[in-house]
Amino acid sequence: MISVKTKFKNYNIIIKKGELKNAKEYFNLNRKVLIVTDSGVPEKYSKTILDQCKQGLILTIPQGEESKNIDNYILILKTLTTNNFTRKDCIVAVGGGVVGDISGFSAASYMRGIDFYNVPTTFLSMVDSSIGGKTAIDFCGYKNIVGAFWQPSAVLIDTEVLSTLPKRQIICGMVESIKMSLTHNEELFNIFLNNEQFKEEKTEEIICKSLLIKKAVVEKDEFENGERKVLNFGHTIAHAIESAESFNELYHGECVAIGMIPMCGEEVKPKLLKVLEHLNLLNNISINKSQLKEAVKHDKKAYGNKISIVKVNKIGTYEIEETDIKNIENLLEEAF
Ligand SMILES: NC(=O)c1ccc[n+]([C@@H]2O[C@H](COP(=O)([O-])OP(=O)(O)OC[C@H]3O[C@@H](n4cnc5c(N)ncnc54)[C@H](O)[C@@H]3O)[C@@H](O)[C@H]2O)c1
């Protein structure tokens, strides 16, 4: 168990395989409970929570990033209102980052804030999005543009649920762990470096070590005024790639993997490439340098000319630099 301490709330993260059936030991389900999930998450997970509720209700939104929208936000609020949820009732999110983000934002705003529990079911949400209190929906074509800081009341991570998650999703989630290991923890990075094949028995260790990094960063800078920017390592280029048409088949984790490469110093880069090779991450991706540069140029609109980037010259350490967007193009030129 990991305890997170923030200004408004202290909460526990429970990491235990097969523990979903005992959620009521960690969550107060003795009240009205709205369980939010999506159509891609196997139903048995939300039903396991429902079975432990006295007055539970499941709301399933369609799977995919497009669902993190204002219509589904309204749907969640309507469901809470028409079912007479009070300030003492709660929401349980059962799903990946999409379900977690929209449920968290609904909980933050309904009656100025009700309890919200997170049951992350993707690797990414287990190591990253389920803790830290950032909640949001996408709006007017911008990702996460409307949201709030609202911490969960508890997070339950049952790694058993990863058995149904497609391998590509697992690997993409691992990229967020690799990202955190590069900036904060060489021992964690070495798990990826020294294991050519991913060993399932390492899952819990990777999740725990990643969460300890995220916890430390969030506790220092809950509202992202400084230090928390380090979690954006690799994300500047990733966001540019994600917003470019020519790369729209790539998953977020794959874009972050590409985005970290130019931000690593000479000593670190070959090691990162080795890890990405172990995970077969870049094998089916052709990196077209001029398309990448175009994407960054195009994304300039979102950032302006100056941007802060995170660089890693030694594993386990980092520097945050304010730089001109032109320098990112140069870094891309050198990296690929
Ligand atoms: N709040 C934060 O701090 C934070 C941090 C990082 C990312 N995010 C957000 O997280 C989102 C991405 O999250 P994600 O990668 O978890 O994607 P996701 O929530 O879209 O889930 C990916 C897919 O996996 C399916 N799925 C989920 N669990 C499953 C399971 N156990 N078995 C089978 N299928 C399953 C889902 O239905 C979905 O189709 C983005 O919207 C991003 O902005 C938020």
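The model is predicted, and local features need pLDDT of at least 70, side-chain atom pairs count only at pLDDT 80 or more, and totals for chains, interfaces and linings use all residues. Residues are numbered from 1 along each chain as its sequence is written. Helices (H or I, at least four residues) and strands (E, at least two) are DSSP runs, numbered from the N terminus.

**Ligand shell**
- Among the 28 residues around the ligand, those that come nearest are Gly40, Gly96, Gly97, Thr122 and Ser129, where a residue is near if its C-beta atom, placed from the backbone, lies within 6 Å of the molecule.
- At least two residues of this shell come from each of helix 3 (97–109), helix 4 (123–129) and strand 8 (142–149).
- By class, the shell holds 7 nonpolar, 14 polar and 7 charged residues, with Ala, Val, Leu, Ile, Met, Phe, Trp, Tyr, Cys and Pro counted as nonpolar, Asp, Glu, Lys and Arg as charged, and the others, Gly among them, as polar.

**Helix 2 against helix 3**
- Helix 2 (residues 70–82) packs with helix 3 at an angle of about 50 degrees, their axes being 10 Å apart; axes are lines fitted to C-alpha atoms, for helices over the stretch in contact, and angles run from 0 to 180 degrees between N-to-C directions.
- Helix 2 and helix 3 are therefore oblique to each other, given that angles under 35 degrees count as roughly parallel, over 145 as roughly antiparallel, 65 to 115 as roughly perpendicular and the rest as oblique.
- From helix 2, Asn72, Tyr73, Ile76 and Leu77 meet Ile102, Ser103, Phe105 and Ser106 of helix 3, contact requiring C-beta atoms, placed from the backbone, to lie within 7 Å.
- The contact of helix 2 with helix 3 comprises 5 nonpolar, 3 polar and no charged residues.

**Helix 9**
- In helix 9 (residues 252–260), 9 of its 9 residues are buried, a residue being buried if 20 or more other C-beta atoms lie within 10 Å of its own, exposed if 12 or fewer, and partly exposed in between, with C-beta atoms placed from the backbone.
- The cover over these buried residues includes helix 4, helix 5 (167–184), helix 8 (235–243) and helix 10.

- Most residues other than glycine have a negative phi.
- Arginine 112, in the loop between helix 3 and strand 6 (115–120), has a positive phi near 60 degrees, and counts as exposed because it has 7 C-beta neighbours inside 10 Å.
- Asparagine 280, in the loop between helix 10 (269–278) and helix 11 (289–303), has a positive phi of about 55 degrees, and is exposed, with 12 other C-beta atoms within 10 Å.

Technical notes: Two residues are in contact if their C-beta atoms, placed from the backbone, lie within 7 Å.
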